[in-house]
Amino acid sequence: MKRQLTHDDLRAAVYGGAVLGGGGGGFVERGLRTAELALQVGTPELWTADEFAADDLTATVALVGAPAAPDPQVLPTHLLRALELLRRELPRDLVAVHTNENGAETTVNGWFHSAMTGLPVIDLACNGRAHPSSVMGAMGLHHEDDYRSSQGYAGGKPHTYVEGAVSGGLEATSNVVRRASVEAGGWVGVARNPVEVGYAVRNGAPGAIGFAIELGRRFLAGGVLGAAQHLGGEIAVTGTVRTYRCAQREGLDVGVAVLDDAAGTTLHFVNEYMALDVDGERRASFPDLITTFDEEGQPLASADVAVGTRLSVLVAPAENLLLSTTMYMPEVYAPVEELLGVRFAPQAKALSRV
């Protein structure tokens, strides 16, 4: 199915994405602004994957960086510049773009690109929830020995602006872009990892944008409880933040929030919430969805949490989400666990589902 994206889709996509961001995936106000601009300058289109030939070429458009970074800036012009730099590197034309993940900003990744270039957005994400590392959003390409990654990036305020294109191994090129985000002040827009649509469907999360839009509609109609019900989850705990620590490490926000409840509820995050401990026991861990909401019931990114903030914590099981095959690959968890100093990767039994 092909359809034009509308203002009704806009709010639902951003708020559904904010829930699926699980503490990461960007910020609601910025997501609303970017999507609104896309609808002002053109007519972005969302196509289901079955509208394409299996060998058509698509690429991921993404934001890379630490949400709590002190001086970030990624403008719509930076997003287009990153795509332009990528397209120069490719041997054949792109027919579409798709987002890396669901989040308040990232669910609408590609809308501005579509409005300005005419390329449709595929109703597909590399992963149906937000995740902290580029490899987690690379749809298993690190297992493809002959795959050569190409990435274009751009971002930063005038005094920190960087742009470039890099090609090579997936991990090496991702590290270059992550470092560029640090030099840019915290964020860069990225266009990366061209693949055939058939590969993306097999290894990504087809239907992820529609999933976020429907979730957003449930949230806008029924609040936190509406979202929890739709996801088959629950509000696991409510409390006030007693301790909060967040540091930028390797271009990511790494930290912990501890609530003042009798259970000593603790949330560990690397951009997204990786683990929730209650009474010293693990209540949920990534890729389960752990999302915080403020006292007004609005999704709250981990970077916006502060001491004294009253939080409600939604938990939904991973099996109720649209997830990439990478979520069941043990090796993608190790670097994030090392950054956090906490073990949270799914057990081998769960990982064996793919």
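Predicted model: local features only at pLDDT ≥ 70, side-chain atom pairs only at ≥ 80, totals over all residues.
Strand β11 covers residues 252–259. It is mostly covered, with 8 of its 8 residues buried. In a regular strand, side chains alternate between the two faces of the sheet. In β11, Leu-252, Val-254, Val-256 and Val-258 point one way. Asp-253, Gly-255, Ala-257 and Leu-259 point the other way. The residues of both sets are buried, and Asp-253 is among them.

Strand β11 is joined to strand β10 (residues 234–249) by 8 bridges. The two strands run antiparallel. Within this pairing, Ala-257 of β11 stands opposite Tyr-244. The hairpin of β10 and β11 has 2 residues between the strands. Glu-250 in this hairpin takes a positive phi near 55°.

Strand β11 also pairs with strand β12 (residues 266–270). Here 5 bridges join the strands, again in the antiparallel sense. Val-254 has Val-270 of β12 as its bridge partner. The β11 and β12 hairpin has 6 residues between its strands. In its turn, Gly-264 has a positive phi of about 60°.

Strand β13 (residues 272–278) pairs with strand β14 (residues 281–285) over 4 bridges. The sense is antiparallel. Asp-277 stands opposite Arg-282 in β14, and Val-278 stands opposite Glu-281 in β14. There are 2 residues between these strands. Asp-279 of this hairpin takes a positive phi near 55°.

Two packed helices are described by the angle between their axes and the distance between the axes. Helix α1 spans residues 7–20, and helix α2 spans residues 28–41. Their axes come within 10 Å and cross at roughly 155°. An angle over 145 degrees counts as roughly antiparallel, so α1 and α2 are roughly antiparallel to each other. Their crossing is right-handed. On the α1 side, the contact is made by His-7, Leu-10, Arg-11, Val-14, Tyr-15 and Ala-18. On the α2 side, the residues are Val-28, Gly-31, Leu-32, Ala-35, Glu-36 and Leu-39.

Helix α7 (residues 208–230) also packs against α1. The axes of α1 and α7 come within 6 Å and cross at roughly 90°. Angles of 65 to 115 degrees count as roughly perpendicular, so α1 and α7 are roughly perpendicular to each other. From α1, the residues that meet α7 include Asp-9, Ala-12, Ala-13, Gly-16, Gly-17, Val-19 and Leu-20. Arg-11 and Tyr-15 are also in this set, and both take part in the contact with α2. From α7, the partners are Phe-211, Ala-212, Ile-213, Leu-215, Gly-216, Arg-217, Phe-219 and Leu-220.

Ala-227 is found in α7. At 0% relative accessibility, Ala-227 counts as buried because the cut-off is under 20%. Leaving aside neighbours within four places in sequence, Ala-227 is in contact with Leu-215, Phe-219 and Leu-314. Two of these, Leu-215 and Phe-219, also meet α1. The C-alpha atoms of Ala-227 and Leu-20 are separated by 9.9 Å. Along the chain, these two residues are 207 residues apart.

Ser-114 lies in helix α4 (residues 111–117). Its relative accessibility is 4%, so Ser-114 counts as buried.

Cysteines complete the description. A disulfide is a covalent bond between the sulfur atoms of two cysteines. The structure holds 0 disulfides. Cys-126 is buried, with a relative accessible area of 0%. Cys-246 is partly exposed, with a relative accessible area of 29%.

Notes
Residues numbered from 1 in each chain as written. Heavy atoms only, no water. Pairing = 2+ DSSP bridges. Disulfide = S-S within 2.5 Å. Buried < 20%, exposed > 50% of the residue type's maximum accessible area, 1.4 Å probe, protein only. Axes fitted to C-alpha atoms, helices over the stretch in contact; angles between N-to-C directions. Parallel < 35°, antiparallel > 145°, perpendicular 65-115°, else oblique. Left-handed = near helix turned anticlockwise from the far one by under 90°. Contact = heavy atoms within 4.5 Å.
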